[in-house]
Amino acid sequence: MGKAKKVHGALCTKVNCLSQLEMDNFIIHQQARQYQWSGDCFLSVKSFYNGLANYNVGYKDYCINHDSFLVLNECTKYHLTIDTANETESFCVFFSPEFVSGVVSEHFSSDIQLLDFNPNTKQKGIHFLERKYKHEGLVSSWLLEGKKRLSNSKSTLEHDEFYHQLLNALIAQNGTALKEAEKLSLKKKSTRVEIYQRIYCARDFIDNNYRANLALSDIARVAALSENHLLRCFKQVFGLSPFKYLSKLRIQEACRQIGQTDKPISEIAKEVGYSSMSNFSHYFKSVTGKAPSCYKLGDI
């Protein structure tokens, strides 16, 4: 695990290298406005609130805020940057390899093996799909619960249960993601998993840049895929082409602004990426079934 560079704030550095770590799970729950760190560590879940954090993992970039969390495997090298005007709150959970091995062993054991449980018989940990996940489901529920309760809790039992519950939720989520990856018409599992992760990088890029005039080549470059391959695989995973996904994002944001602000519709159209009102009206109606002037919050 590499050394942390603390520029400003109170994000703590638990250790300087893995050899100094006790083989225990741990949590980093701190706040900072500016912070940088490079290295690798345990299997971990990264979540941030009241701000955002940027991760560079090889050629992939992830922007994590209150809407999302990131899963990274043991030994994955990454660079973390926080640079925000306000304090960004971290809640990052790290699972030791020994702990992961024990929990995974139980998931893949038969009933007889569970009855004859031998704590010294462990499997290797599984490889989790590394990607940004939107906050929903059990993993998110446990992250929020842990953030709320564990900082002031001195109970070892409460912490132990939390680690088990969160890792079990991660394993279930990983199984769901692997099933989704099977939508890709690729024979080799390792290839499907890698392409799946790249397609999600492409989606994350669209999410972060939907107001811009994106080209297919921009999105393909982020995913390190050819334009044709990206187009085919994106539709297989999400059921929409990149353009239709982009249009849906823009219109959803337009709907939110129409329902929650007093901005003129022409201003909202520009803010979500449309330079032409006729184009905006066309795509708005294609998504919602109504003209912008007739839309009410809650219609879609």
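**Close-up views of the predicted model**

Within the chain, 68% of the contacts with a separation of 6 or more are made by residues 24 or more positions apart. The model shown in these views is predicted. The chain contains 10 helices and 9 strands, and 43% of its 300 residues count as buried.

**View 1. The largest nonpolar core has 49 residues.** The residues with the most contacts inside this core are Phe95, Leu143, Leu167, Ile199 and Leu230. Helix 4, which spans residues 156–181, gives the most to the core, contributing 9 residues. Apart from this core lies another, of 21 residues, and Tyr35, Phe42, Tyr55 and Phe94 are among its members.

**View 2. The surroundings of Ile199 include Leu225 and Leu230.** When neighbours within four places in sequence are left aside, Ile199 is in contact with Leu225, Leu230, Cys233, Phe234, Val237 and Phe238. Ile199 and Leu230 are both listed among the residues with the most contacts inside the largest nonpolar core.

**View 3. Trp37 and Tyr78 form a tilted aromatic pair.** The structure holds 20 aromatic pairs. In the pair shown, the ring centres of Trp37 and Tyr78 are 5.2 Å apart and the ring planes stand at 40°, so the arrangement counts as tilted. Trp37 belongs to strand 3 (residues 31–39) and Tyr78 to strand 8 (residues 78–95); the pair therefore ties together parts that are 41 residues apart in sequence. Trp37 and Tyr78 are both buried.

**View 4. Phe234 and Tyr245 form an edge-to-face aromatic pair.** The two rings lie 5.8 Å centre to centre, with 70° between their planes. Phe234 is in helix 7 (residues 227–238) and Tyr245 is in helix 8 (residues 242–260), so this pair ties together parts that are 11 residues apart in sequence. Phe234 has 0% relative accessibility and counts as buried. Tyr245 also counts as buried, because its relative accessibility of 10% falls under 20%. Phe234 is one of the residues in contact with Ile199.

**View 5. Five aromatic residues form one cluster.** The members of this aromatic cluster are Phe91, Phe95, Phe99, Phe162 and Tyr163. Phe95 is also one of the residues with the most contacts inside the largest nonpolar core.

**View 6. Arg131 lies over the rings of Tyr133 and Tyr200.** Arg131 is placed over the face of Tyr133, at 3.9 Å from the ring centre. The charged end of Arg131 also sits over the ring of Tyr200, 3.5 Å from the centre of that ring.

**View 7. The largest pocket is lined by 17 residues.** About 560 Å³ of space lies in this pocket. Of the lining residues, Lys134, Asp207, Tyr245, Leu249 and Gln252 lie nearest the pocket centre. Strand 9 (132–134), helix 5 (189–209) and helix 8 are the elements that give two or more residues to the lining. Helix 8 supplies the largest share, 5 residues. Tyr245, one of the residues nearest the centre, is also the partner of Phe234 in an edge-to-face pair.

**View 8. Asn50 and Ala224 have positive phi values.** Most residues other than glycine have a negative phi. Phi of Asn50 is near 65°, and Asn50 is found in the loop between strand 4 (43–49) and strand 5 (53–57). At 61% relative accessibility, Asn50 counts as exposed. Phi of Ala224 is near 55°, and Ala224 lies in the loop between helix 6 (216–223) and helix 7. Ala224 is partly exposed, with a relative accessible area of 38%.

**View 9. Pro97 is found in helix 1 and Ser293 in the segment after helix 10.** Helix 1 comprises residues 97–107. Pro97 has a relative accessible area of 22% and is partly exposed. The C-alpha atoms of Pro97 and Asn25 are separated by 8.9 Å, although the two residues are 72 residues apart along the chain. Helix 10 covers 277–288. Ser293 has a relative accessible area of 63% and is therefore exposed. Ser293 and Ile258 are 35 residues apart in sequence, and their C-alpha atoms are 8.8 Å apart in space.

Terms used. Residues numbered from 1 in each chain as written. Predicted model: local features only at pLDDT ≥ 70, side-chain atom pairs only at ≥ 80, totals over all residues. Heavy atoms only, no water. Core = buried A, V, L, I, M, F, W, Y, C linked by side-chain atoms within 4.5 Å. Buried < 20%, exposed > 50% of the residue type's maximum accessible area, 1.4 Å probe, protein only. Helix = DSSP H or I, 4+ residues; strand = E, 2+ residues; numbered from the N terminus. Contact = heavy atoms within 4.5 Å. Phe/Tyr/Trp six-rings, centres within 6.5 Å; stacked < 30°, edge-to-face > 60°. Lys NZ or Arg CZ within 6 Å of the ring centre and 35° of its normal. 1 Å grid on protein atoms, 1.4 Å probe; cavity = no way out; pocket = protein on both sides within 12 Å on 5 of 7 lines; lining within 4 Å. Points joined across faces, edges and corners; volume = space filled by probe spheres on them.
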